[in-house]
Amino acid sequence: TYDGCEGTRTYTFTYTDCANHSHAWTYTYTIEREDFTIPANTGSTVACIDDATEPTAPSVTDNCGNALTPSAAVEGGTYDGCEGTRTYTFTYTDCEGNSHDWVYTYTIEREDFTMPENAGTTIACASQLAEPTLPEVKDACGNVLAPIGDPVISETPECEGDVTYTYTYTDCEGNSHDWTYTYTIT
């Protein structure tokens, strides 16, 4: 009754004597597919969700050495738009219905970003003070950041001196840096 997976396989031997009396003797194998094992789940840490690409599923065989084809990967995890996890789950099933999941987990840990150099210019009079053109600031994953709130502007000197405009940039993970533009009044 072997159906390609389980069932029975029989071997029948017929014994016949000189008087032509015969009897059959049968040996029966019962094929019961045993469970299979899969590799341990694994993962890695990346800085950006774009780096959490679908991994290659491992090669897995059933208990008889036949290659198993996994299901399409199912995405999951706790990624909240900034940090968390991204999982890819592949399900392997053999002909008997034994089934196991293999999971690859990316841990997304946003890295700190770098700021452009502070800038400035020299002006002749305080009346020339104006909000400067801001640099393009990106987080570690290339997302453009806008400064938080209004700039902190230092006090204007009576005649000569410096006036600073300080802008604070913060990414979704809470990394924060200031960028300062300094007007030197001469």
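Student: How many of the residues in the protein chain are buried?

Tutor: Buried means under 20% relative accessible area, exposed means over 50%, and partly exposed lies in between, with a 1.4 Å probe and protein chains only. Here, buried residues make up 28% of the 186 residues in the protein chain. This is a predicted model, in which local features need pLDDT of at least 70 and side-chain atom pairs count only at pLDDT 80 or more, while totals for chains, interfaces and linings use all residues. Residues are numbered from 1 along each chain as its sequence is written, and side-chain values use heavy atoms, with hydrogens and water left out.

Student: How many helices and strands does the protein chain have?

Tutor: Helices (H or I, at least four residues) and strands (E, at least two) are DSSP runs, numbered from the N terminus. By that reading, the protein chain has 14 strands and zero helices. Its radius of gyration is 35 Å, well over the 16 Å that the globule rule gives for 186 residues, so the chain is more spread out than a compact globule. The radius is taken over C-alpha atoms, and the rule is 2.2 Å times the number of residues to the power 0.38. Along the principal axes, the C-alpha atoms fill a box of roughly 135 × 20 × 20 Å.

Student: Which strand does β1 join, and in what sense do the two run?

Tutor: Two strands pair if DSSP finds at least two bridges between them. Strand β1 (residues 7-16) is joined to strand β2 (residues 22-31) by 10 bridges, and the two run antiparallel. Within this pair, Thr-10 has Thr-28 in β2 as its bridge partner.

Student: What is the phi of Asn-20, and where does the residue lie?

Tutor: Most residues other than glycine have a negative phi. Asn-20 has a positive phi, near 70°. Asn-20 is placed in the loop between β1 and β2, in a hairpin with five residues between the strands. Asn-20 is exposed, with a relative accessible area of 63%.

Student: Which strands pair with β14, and in which sense?

Tutor: β13 and β14 pair in the antiparallel sense over 10 bridges, whereas β9 and β14 run parallel and are joined by five bridges. Thr-164 stands opposite Thr-182 in β14, and Ile-123 stands opposite Ile-185 in β14. The hairpin of β13 and β14 has five residues between the strands, and Gly-174 in the turn has a positive phi of about 105°.

Student: Which residues does Cys-172 touch?

Tutor: Contact means heavy atoms within 4.5 Å. Not counting residues up to four places away in sequence, Cys-172 touches Cys-82 and Arg-110. Cys-172 lies in the loop between β13 (161-170) and β14 (176-185), and is partly exposed, with a relative accessible area of 47%.

Student: Is Pro-132 buried or exposed?

Tutor: Pro-132 is buried, with a relative accessible area of 10%. Pro-132 sits in the loop between β9 (119-123) and β10 (137-138). Leaving aside neighbours within four places in sequence, Pro-132 is in contact with Tyr-165, Tyr-167, Trp-179, Tyr-181 and Tyr-183. The C-alpha atoms of Pro-132 and Thr-180 are 9.8 Å apart, although the two residues are 48 apart in sequence.

Student: How many positive and negative side chains does the protein chain have?

Tutor: Lys and Arg count as positive and Asp and Glu as negative, while His and the chain ends are not counted. The protein chain has 5 positive and 31 negative side chains.

Key
The place of a charge is taken as NZ of Lys, CZ of Arg, CG of Asp or CD of Glu.
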